Amino acid sequence: MLKKPKALLKYYDILLKMMKITGMKFSILLRSLLFIFGLILFADGLILILQNKIHLGTILPFLIGLFFLIYTFNYTKIQNFLAKHLKLQKIWRITWVLFSIWLSSLLAFFIYLHQHTQSSNDVPSIDAIIVLGSGIIQGKPSPTLALRLDTAAQIAKQQPQTWIIVSGGLDYGEVKTEADAMLTYLQEKHQLNAAMILKEDQSTSTELNLKNSQKILTAHKLGLDSKIAIVTSDFHTLRAAAIAQKQGYNNFITVSAETPLATRYNAWLREYFAYLSGWLLNEY
């Protein structure tokens with residue numbers, strides 16, 4: 001057996017050391033990034049959960065962030081354990097691949113929402129505006145709902161002869177319907193003509209918001225062929241449009257209101273699952 005030249009062995013040792021150092025640097029960089037993202041996600045989820053905002057959009061970031069933090073603090077132990085269990089190592093790698101695919105689909109959904117939003121400044125001539133509900137707090141519109149109402153008011157001021165339907169029933173723990181709170185908000189903040197604001201105060205979901213609003217449209221000699229602007233939050237436009245289309249609205253546009261930054265991406269994350277589940281259940 002031929003012996004390797006000393007120069008070649010030396011080069012080989014140097015190469016191994018460089019690969020080891022590079023691997024260590026990559027490991028440190030990976031753990032640092034995961035720690036930062038984990039801390040952000042964990043804190044974001046925890047703060048919102050403590051504010052009683054408990055849904056997938058807050059629970060999932062909290063759990064993912066918690067996992068990342070645990071993983072970074074136990075990185076060496078986990079790698080050593082996986083090195084001794086090859087089957088688990090394969091499952092671990094597959095899990096990361098699936099997580100990456102899911103993350104890519106989530107990013108694509110967010111990009112789609114960014115690109116498919118209609119500004120209130122670009123609304124053509126319409127017959128009616130339907131403002132979808134989004135919850136009230138102690139008798140007043142939530143920050144998300146307030147932005148929807150502000151957006152609707154901008155359109156109404158440009159087209160003062162347009163009917164406005166405020167849609168939302170009685171929330172849990174409230175004594176005032178969402179529609180009543182919406183009407184009061186539009187009058188007090190935007191001084192809109194109360195005679196042009198119509199209340200749909202029986203609904204508890206987007207589907208019912210749109211379904212019950214049809215009766216009000218009919219009562220005012222408008223139908224599914226009328227030019228309707230459906231005002232909702234940016235994250236909600238995609239699903240609202242799908243539901244409206246299924247119900248027979250065939251001459252509508254969706255107008256997006258900005259979501260408050262503090263809850264924007266949590267709401268978008270929740271909507272990702274809501275839209276996906278609706279699609280899988282053939283709801284639209």
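## A short tour, loop by loop and helix by helix

Start by selecting K221, which lies in the loop between α7 (206–219) and β6 (228–233). Keep in mind that you are looking at a predicted model. The phi of K221 is near 60 degrees, a positive value in a residue that is not glycine. Its relative accessible area is 81%, so K221 is exposed, the cut-off for that being over 50%.

Next, select Q138, in the loop that joins β2 (136–137) and β3 (140–141). Here too phi is positive in a residue other than glycine, with a value near 50 degrees. Is Q138 buried or exposed? With 74% relative accessibility, Q138 counts as exposed.

Now move to T162, found in the loop between α5 (143–158) and β4 (163–167). T162 has a relative accessible area of 4%, so this residue is buried; buried means under 20%. Which residues does T162 touch, leaving aside neighbours within four places in sequence? Show I126, D127, A128, I129 and M196 to see those contacts.

For the last stop, select helix α3 (residues 75–84) together with helix α4 (residues 86–115). Their axes are 5 Å apart, and the helices pack at an angle of about 120 degrees. The two are therefore oblique to each other. To display the contact, pick I78, Q79, F81, L82, A83 and K84 on α3, then L86, L88, Q89 and W92 on α4. Colour these by class and you will find seven nonpolar, two polar and one charged residues in the contact of α3 with α4.

Technical notes
Residues numbered from 1 in each chain as written. Predicted model: local features only at pLDDT ≥ 70, side-chain atom pairs only at ≥ 80, totals over all residues. Heavy atoms only, no water. Helix = DSSP H or I, 4+ residues; strand = E, 2+ residues; numbered from the N terminus. Buried < 20%, exposed > 50% of the residue type's maximum accessible area, 1.4 Å probe, protein only. Contact = heavy atoms within 4.5 Å. Axes fitted to C-alpha atoms, helices over the stretch in contact; angles between N-to-C directions. Parallel < 35°, antiparallel > 145°, perpendicular 65-115°, else oblique. Nonpolar A, V, L, I, M, F, W, Y, C, P; charged D, E, K, R; others polar.
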